[in-house]
Amino acid sequence: MALRELSSLEKYLGLKKPNKYSTQGDKKIPVLQNNNGPPLVGMVTIACHLVKEAKRPNLLGDCAESRAVVQQWLEYRVSKLDGCTKEDIKTILKDLNLYLQDKVYMAGNQFTLADTFMYYGIHPLIVDLAIQDKEQYVNVTRWFDHIQHYPGIRHHLPPVVVPRNRLYTSKHH
């Protein structure tokens, strides 16, 4: 999955020459075979490199604080979201729902690499949610739907239907 995400990121960034990737270890950690030096290892490292290669530093944040928030969400994606158990999903969605309560994007008011990679990471969770669950996590669902319609992001992933109007008005269905 990580290799497809990196390929989609390359397309979104408009990088013309596709990179050569491989994986290492049981967890299939992505490795970029770099012509200019040693291979780059890890999804976050490679993604940040691609953003710099595309000369799109704004995707890493526009100030020190937003750069730190972007890095925080990239780390969260790799450490918490990737490989989470079914038991972890509700906690993750609840925490994200609370965090996104007053935000349009993961790092505040601008689209960043954090939005891209959190979208890719959370897509399998959102696909499996029932409509009632999507409504329970209304902020996550709103953010997710906004990101999936962002130009050039969805590439390899199918769209997820998100209801525009609440179908259930209480927690007792």
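Me: Which elements do the buried residues of α2 pack against?

Reply: They pack against α1, β1, β2, β3, α3 and α5. Buried means under 20% relative accessible area, exposed means over 50%, and partly exposed lies in between (1.4 Å probe, protein chains only). Contact means heavy atoms within 4.5 Å. Helices (H or I, at least four residues) and strands (E, at least two) are DSSP runs, numbered from the N terminus. Keep in mind that this is a predicted model: local features need pLDDT of at least 70, side-chain atom pairs count only at pLDDT 80 or more, and totals for chains, interfaces and linings use all residues. Residues are numbered from 1 along each chain as its sequence is written, and side-chain values use heavy atoms, with hydrogens and water left out.

Me: Which residues of α2 are buried?

Reply: The buried residues of α2 are M43, V44, I46, A47, C48, L50 and V51.

Me: How do I read the sheet, and in what order do its strands lie?

Reply: Strands of a sheet pair through backbone hydrogen bonds, either parallel or antiparallel. Here, three strands form an open sheet in the order β1-β2-β3, with antiparallel pairing. β1 (21-24) and β3 (40-41) are the edge strands, each pairing on one side only. Two strands count as paired if DSSP finds at least two bridges between them.

Me: How many bridges join β1 and β2?

Reply: There are four bridges between β1 and β2, in the antiparallel sense, and Y21 stands opposite L32 in β2. The hairpin of β1 and β2 has four residues between the strands, and G25 there takes a positive phi near 75 degrees.

Me: What should I look for in the largest nonpolar core?

Reply: A nonpolar core is a set of buried Ala, Val, Leu, Ile, Met, Phe, Trp, Tyr and Cys residues joined through side-chain atoms within 4.5 Å. The largest one here has 53 residues, and L13, L113, F117, I122 and W143 touch the most other members. Elements giving two or more residues to this core are α1, α2, α3 (64-81), α4, α5 and α7. Helix α5 gives the most, with nine residues.

Me: How many aromatic pairs does the structure hold?

Reply: It holds eight. Rings of Phe, Tyr and Trp (its six-membered ring) pair if their centres lie within 6.5 Å; planes under 30 degrees apart count as stacked, over 60 as edge-to-face and the rest as tilted. F111 and Y150 form a stacked pair, 3.9 Å centre to centre with 10 degrees between the planes. F111 lies in the loop between α4 (86-99) and α5 (113-127) and Y150 in the segment after α7 (138-148), so this pair ties together parts that are 39 residues apart in sequence. F111 is buried, with a relative accessible area of 6%, whereas Y150 is partly exposed at 24% relative accessibility.

Me: Why is the pair of Y119 and F144 tilted?

Reply: Their ring centres are 4.9 Å apart and the planes meet at 35 degrees, so the pair is tilted. Y119 in helix α5 and F144 in helix α7 are 25 residues apart, so the pair links distant parts of the chain. Both Y119 and F144 are buried. Elsewhere, Y12, Y105, F111 and Y150 form one aromatic cluster.

Me: Which residues other than glycine have a positive phi?

Reply: Most residues other than glycine have a negative phi. Here, K28 has a positive phi near 55 degrees and is found in the loop between β1 and β2. K28 is exposed, at 57% relative accessibility. K55 also has a positive phi near 55 degrees; it lies in the loop between α2 and α3 and is exposed, with a relative accessible area of 70%.
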